[in-house]
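Subject: Structure for you to look at

Hello,

Here is the structure I said I would pass on. My notes on what turned up follow below it.

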Amino acid sequence: MGELVDRADREAVAAQLGRPPRALRAVAHRCGCGLPSVVRTHPRLEDGTPFPTLYYLSCSRLAALVSQLEAGGAMREMSERLGTDPELARSYRAAHESYLAERDAMEPLGTQVSAGGMPDRVKCLHVHVAHALAHGPGVNPFGDEVLAQLGPWWTPGPCA
């Protein structure tokens, strides 16, 4: 696996996660403080094990805020909305298809499983926020929604 992350970023991500990162491929987004907030991973771990989560939220402050939303039942409410809002369901399916296409362009895993419960339910908001940050607004509707709700998470300063 090629080294696409410099030493300083690798060390920052390890400090954020509290452990060495696995399958690290690139920094996909930086927060307002300049540190990595999302990393893109290889589709397989170093030992060849499939690792379908393409984007991983590394910012510990943002991850904690997202965890609070999860604990409050946001995922259940979002999943319910998929069944009543056809436009939201269409947009979410498009996010799933985009995710799979990007991952498969690196290395096909032979599965239609993407991440975060896509396309039928919302299972992990961290994945959706990471996906939205990596690609910008309009790609992952639930990631966009969470980010709008949280606002500038990187204040008052660096999280690591």
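Which residues in H4 meet which residues in H5? Please keep in mind that this is a predicted model. On the H4 side they are Tyr92, Ala95, Ser98, Tyr99 and Glu102, and on the H5 side Val127, His128, His131 and His135. Sorted by class, this contact has four nonpolar, four polar and one charged residues.

As for the geometry, helix H4 covers residues 86-106 and helix H5 residues 125-135; their axes come within 12 Å and cross at roughly 75°. Angles from 65 to 115 degrees count as roughly perpendicular, so H4 and H5 are roughly perpendicular to each other.

His96 has a relative accessible area of 4%, and is buried because the cut-off is under 20%. Apart from neighbours within four places in sequence, His96 is in contact with Gln112, Ser114, Met118 and Pro119.

Next, the core. The largest nonpolar core has 33 residues, and those touching the most other members are Leu57, Leu62, Val122, Leu125, Val129 and Leu133. Strand S3 (55-57), helix H2 (60-71), helix H3 (74-82), H4, H5 and helix H6 (141-150) each give two or more residues to this core. H5 provides the largest share, six residues.

Leaving out neighbours within four places in sequence, Leu133 is in contact with His29, Ser37, Val38, Leu57, Leu62, Leu147 and Trp153.

Regards

Methods. Residues numbered from 1 in each chain as written. Predicted model: local features only at pLDDT ≥ 70, side-chain atom pairs only at ≥ 80, totals over all residues. Heavy atoms only, no water. Axes fitted to C-alpha atoms, helices over the stretch in contact; angles between N-to-C directions. Helix = DSSP H or I, 4+ residues; strand = E, 2+ residues; numbered from the N terminus. Parallel < 35°, antiparallel > 145°, perpendicular 65-115°, else oblique. Contact = heavy atoms within 4.5 Å. Nonpolar A, V, L, I, M, F, W, Y, C, P; charged D, E, K, R; others polar. Buried < 20%, exposed > 50% of the residue type's maximum accessible area, 1.4 Å probe, protein only. Core = buried A, V, L, I, M, F, W, Y, C linked by side-chain atoms within 4.5 Å.
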